[in-house]
Amino acid sequence: MSGTILVSVYVFVLAMFTGFEVITKVPPTLHTPLMSGANAISGISIVGALVVAGLGEGLLFTVIGTVALVAATINVVGGFMVTDRMLRMFKRDTDASGPR
Amino acid sequence: MTTIQLVIQLAYLLSAVLFIVGLKRLSSPATARGGNSLAAGAMLLAVAVTLLDESIVSFEWIVGGLAVGGLIGVLMARLVKMTAMPQMVAVFNGFGGLASGLVAAAEFLSAGAEGTPVSLDASISIMAGTLIGAVTFSGSLVAFGKLQGVVTERPVVYRAQQVVNGLIFATLLGAMAWLVAEGGVLAGLEPDALYLGLWAGAMLLGVLLVIPIGGADMPVVVSLLNSYSGLAASAAGFVLGNNVLIISGALVGASGLILTRIMCRAMNRSLANVVFGAFGQAPGAAGAAGEVRTKADVNAASADDVAMMLAYANKVVIVPGYGLAVAQAQHKLRELADHLQSRGVQVRYAIHPVAGRMPGHMNVLLAEANVPYTQLYEVEDINPDMPSVDACLVVGANDTVNPAARDEPDSPIAGMPIVEADRAKHTIVLKRSLSPGFAGIDNELFYKRNTMMLFGDAAESIARLVEEVKLL
């Protein structure tokens, strides 16, 4: 096992712990937005897809990269937008009586 | 490391930090929207700096891909109904998994094309990314189909299911080990062909893992697939040696695992039981043993009786279930609550974690109907107050208010946390019929002396209640 992969494993494990700490504090009322928002973040593969789609190393790679890019972009754009749409609806007592 | 690469790496670090801060802000409804925007900004930053990468030489496909994906994403986010949110999250999970799996595939094929020896670490990462990505993709599509009603919601079971799944999994592991160790050159078998087979097998496994799971267990599956989509992104990060992918994926993986655990606890079942148990495959089996009870055994009430009870109560607790969302009655329900509140009645909502089809689903549906989140209470917060509640209105919920979970150790749902609607002074149940809930067991709550049943469609019943309350 090389040193680089070991560093990657460190990063992964510490990020998991960070995730557990941060997300445990999210109240149940926000669990759906949490899930769709987290889902959008998992579209980070878009970064990898961009590189594959732009390598210009032949049709096969361009096609694979572009399909990955489209899928990841749907995930990212749709995920963040629908999360925003949901969070806009959450209102406290005081402002619920006003017009939407 | 060139200057550009340094800039890219530092920007990735900033993105990762912003993702964490954004998720942290989701811990309160007041800051959540800003947190989501922050995470979206972090993603934009990551995409923008990636385009600076010198190895990207052709941009036309990138522009096209971003435009097509962006357009589809915007349309889906705008058009989806809030009741359909679980299936949309399922689809998005699937796309995330597909993207991560394809990134791993590109890496595998490029190593093969160049004939460069791949390190053991990279090779293992590619295989893991492929497996998780493909399972997430096909599993999410089946989950979507079930939630949308395209695929049967009932558990699909066959003989020796787990043995078959286990064998497929073992075969996939074998193929992966072979590809890692030998490059797959086996008696004329091309590595690329074997790799393609790995994709097909992994996608088959994803389908087989989700089809035995019943409709009402979907919250667990969607949470679990959410976790997988994160792990797939992490695996892609290992493949590319890219920390922002590893970190973001791990955050999502952790999030999905936490939600999975919360959902399992809310049903008092282990994850293994949900995934392999095929719960609810034989509804009626438990009820068949007892005597058949009919509407004659319950207190059937009229709308004006119920309206009177609600209007003259001090404290009312509403327990919504998925039936409420199916009947699209949440807006009418809020109207009823408004009328009650203007008469000085305290109205609160008791939300069971599995009331909807994904974690927190019911909260979103009520928020859409303009119910303030400050009126929503969790099970453990509302139960101690139940004995002082004058009227508890159960709308479209069944198993989540079944006292058998608390009182009968032999019940299939024994130990599941419930909203103790039966402990209120009076309970009113809005329901079409006396049919059992998902767990397939009779609900003693319906037959209690201080329970009133208002039969009919939830939306129509609530509309009648609104009219009656107005007349009082």
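The dialogue below goes through a predicted model of two chains, A and B, one feature at a time.

Q: How should I read the confidence, and what is the mean pLDDT of chain B?
A: Where pLDDT is low, the predicted coordinates should not be read in detail. Chain B has a mean pLDDT of 88, with 94% of its residues at 70 or more. Chain A averages 89, and 91% of its residues score at least 70. For the model as a whole, the scores are ipTM 0.92 and pTM 0.89.

Q: Where in chain B is confidence lowest, and where is it highest?
A: Confidence in chain B is lowest in helix α11 (residues 285-288), at a mean of 42, and highest in helix α2 (residues 29-50), at 96. The pLDDT is below 50 over residues 280-290 of chain B, a stretch with 22 contacts in the model beyond near neighbours in sequence. It also stays under 50 over residues 184-188 of chain B, where the model has eight contacts beyond four places in sequence.

Q: Which helix of chain A has the lowest confidence?
A: That is α5(A), at a mean of 57, whereas α4(A) is highest in chain A, at 95. Over residues 95-100 of chain A the pLDDT is below 50, and this stretch has four contacts in the model beyond near neighbours in sequence.

Q: What are the overall dimensions and content of chain B?
A: The C-alpha atoms of chain B fill a box of roughly 80 × 50 × 35 Å along the principal axes. Chain B holds 18 helices and six strands. Of its 472 residues, 52% count as buried. Among contacts between residues at least 6 apart in sequence, 79% join residues at least 24 apart.

Q: How do I read the sheet, and what is the order of its strands?
A: Strands of a sheet pair through backbone hydrogen bonds, either parallel or antiparallel. In chain B the sheet is open, has six strands in the order β3-β2-β1-β4-β5-β6, and shows parallel pairing. Its edge strands are β3 (376-378) and β6 (451-455), each of which pairs on one side only. From one strand to the next the twist averages 25°.

Q: How many bridges join β1(B) to β2(B), and how many join β1(B) to β4(B)?
A: Four bridges join β1(B) to β2(B), and five join β1(B) to β4 (residues 391-395) of chain B. B:Val317 stands opposite B:Arg348 in β2(B) and opposite B:Cys392 in β4(B). Five of the six residues of β1(B) are buried, so this strand is largely enclosed by the rest of the structure. Further along the sheet, three bridges join β2 (residues 346-351) to β3(B), with B:Tyr349 partnered by B:Leu376 in β3(B).

Q: Where does helix α15(B) lie relative to the strands?
A: Helix α15(B) lies across β1 (315-320), β2 and β3 of chain B, and runs at about 145° to β2(B). The helix spans residues 361-368 and is mostly covered, with eight of its eight residues buried. Among them are B:His361, B:Asn363 and B:Glu368, along with B:Leu365 and B:Leu366. Just after the helix, B:Asn370 takes a positive phi of about 70°.

Q: Which residues touch the most other members of the largest nonpolar core?
A: In soluble globular proteins, nonpolar side chains tend to be buried together. Here the largest nonpolar core has 197 residues, and B:Val103, B:Leu251, B:Val319, B:Val394 and B:Val395 touch the most other members. Helix α4 (residues 85-114) of chain B gives the most to this core, with 16 residues. Leaving aside residues up to four places away in sequence, B:Val395 touches B:Val319, B:Leu333, B:Leu430 and B:Ala458, among others.

Q: How do I read the interface, and how many residues of each chain are in contact?
A: The size of an interface is often given as the accessible area lost when the parts come together. A count of residues in contact is used here: 82 of chain A and 94 of chain B. On the side of chain A that touches chain B, α1 (3-24), α2 (31-42), α3 (46-54), α4 (59-89) and α5 (93-96) each supply at least two residues. Helix α4(A) gives the most, with 29 residues. The residues on this side of chain A divide into 47 nonpolar, 26 polar and nine charged.

Conventions. Residues are numbered from 1 along each chain as its sequence is written. Chains are lettered from A and ligands numbered from 1 in the order in which they are written. A residue is buried if 20 or more other C-beta atoms lie within 10 Å of its own, exposed if 12 or fewer, and partly exposed in between; C-beta atoms are placed from the backbone. A nonpolar core is a set of buried Ala, Val, Leu, Ile, Met, Phe, Trp, Tyr and Cys residues joined through C-beta atoms within 7 Å. Two residues are in contact if their C-beta atoms, placed from the backbone, lie within 7 Å. Two strands pair if DSSP finds at least two bridges between them. Axes are lines fitted to C-alpha atoms, for helices over the stretch in contact, and angles run from 0 to 180 degrees between N-to-C directions. Ala, Val, Leu, Ile, Met, Phe, Trp, Tyr, Cys and Pro count as nonpolar, Asp, Glu, Lys and Arg as charged, and the others, Gly among them, as polar. pLDDT is the predictor's confidence in each residue, from 0 to 100.
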